Amino acid sequence: MKKIALLGSSGSIGRNCLKVIDNFPGEFQITCLAVHRSLQTVYQQAVRYMPQAVVITGTPTDKSLLTDLKNRGIRVYQGQQALTEFFAEDDSDLVINALVGAVGLFPTLEAIRRGKTVALANKETLVMAGEIITQRAQTAGVTIIPIDSEHSAIFQCLVGENPENIRRIILTASGGPFLERDVSSFNHITIDEALAHPRWDMGDKVSIDSATLMNKGLEIIEAHWLFHLPLEKIEVVIHPQSIIHSMVEFIDGSIKAQLSLPDMKIPIQYALTYPKRKTSSSQYLKIEDVQSLTFFEPDFEKFPNLRLAIESLKLGGTAPTVLNAANEVSVELFLNGKISFTDIPRLVEKALQQHEVVPHPDINQILTADRWSRNFVLHLQGG
Ligand SMILES: NC(=O)c1ccc[n+]([C@@H]2O[C@H](COP(=O)([O-])OP(=O)(O)OC[C@H]3O[C@@H](n4cnc5c(N)ncnc54)[C@H](OP(=O)(O)O)[C@@H]3O)[C@@H](O)[C@H]2O)c1
């Protein structure tokens, strides 16, 4: 039985993970469920899956549910540091990091330090500290299995291949809800419009990132670190049908692609059962019904976040950390109705322009850059 610690169990990825696990009775055991504020959700999940531990990083108002969990023999950890503390008594084989944002960094590092396989949905940690994470994983002999559908697609296309034979990888992007919208009206985009993704049902932050195409920018950085590829070998194409999840072109001119209906349960299941494949309960793609697959280049003028992410990767060092932090704060401000949609790239660009890049940063320098960027955006916005 594979033992699994699921961080971010109340989120879109976390809930899909549990749906996949439900399809394989007796094959997986949950050791830990972690959430921020969703106490009711994690309580119900804990009663159902009986993990050894529950982590709640926020401050719960109703302590009685926590007492009830303790009475059932479940250890309860509280506070932000609990995301790493629980590892001391955790015997999972696989850690699924489905947290959103920079909070995912330390649990990823801790999982690697303890030699656990990591199934990574939390792309932000690779964006902010990709060099350190991949180096430590390599030294510890830890496999990082991507959950992001694009990176899962590439990971699958590379099975049995020599990475030296990669000519380029092609990340596909649906283009988000504003692919066809005139850029002159971007300033009037509402929160609801930005959250309404045409193909995927996701958490709020990643939905906004998909609407600004920052998500694809973060994925370029994620791919750079996961697959050890230079920027020149990573390309993005808009593919509105979201059937091809990404492709790898090899030096002999062959292109391998991974196709399926857009359903996160498919890459999640691959990460859970890797290197095996198992029968899926998701809907299968009926290829005869696919009438057209179209591809075109992204518009960097219309979606400046994509350009900014690429620039940050070129700058290297702490620049992607600053990009990520500025984006997280800006998205939060947008979701709280404090700034407009077009302010998001404007604030990210300002932060990148003002930041003095530290090359090959250590963790402290990454945290300093992350803090600086958050304060910079908040200050700029308040001023
Ligand atoms: N959703 C997708 O289809 C998809 C696809 C590819 C990649 N991803 C990536 O997967 C990650 C998760 O995305 P999601 O859509 O599942 O996000 P989500 O629905 O917003 O869920 C986020 C999870 O993280 C927890 N969390 C938030 N802030 C936290 C904090 N400060 N401390 C501890 N836990 C915290 C939330 O707990 P509460 O519920 O208590 O707030 C929730 O369990 C992101 O990095 C995203 O880019 C998502």
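Start by selecting Arg-346: at 36% relative accessibility it counts as partly exposed (that label sits between buried, under 20% relative accessible area, and exposed, over 50%, using a 1.4 Å probe and protein chains only). You're looking at a predicted model, where local features need pLDDT of at least 70, side-chain atom pairs count only at pLDDT 80 or more, and totals for chains, interfaces and linings use all residues. Residues are numbered from 1 along each chain as its sequence is written, and side-chain values use heavy atoms, with hydrogens and water left out.

Because Asp-343 and Arg-346 are three residues apart in helix H14 (residues 343-354), about one helical turn separates them. Helices here are DSSP runs (H or I, at least four residues), numbered from the N terminus.

Next, hop to helix H9 and pick Asp-209 and Lys-205, four residues apart. Their closest N and O atoms are 2.7 Å apart, forming another salt bridge. Asp-209 is buried at 2%, and Lys-205 is buried at 12%.

Stay in H9 (residues 204-212) and click Thr-212. Which residues does Thr-212 touch, not counting those up to four places away in sequence? They are Phe-303, Asn-305, Phe-341 and Ile-344, where contact means heavy atoms within 4.5 Å.

Last stop: Asp-370 and Arg-374 in helix H15 (residues 363-382). They form a salt bridge at 2.8 Å between the closest N and O atoms.

Key:
Helices (H or I, at least four residues) and strands (E, at least two) are DSSP runs, numbered from the N terminus. A salt bridge is a side-chain nitrogen of Lys or Arg within 4 Å of a carboxyl oxygen of Asp or Glu.
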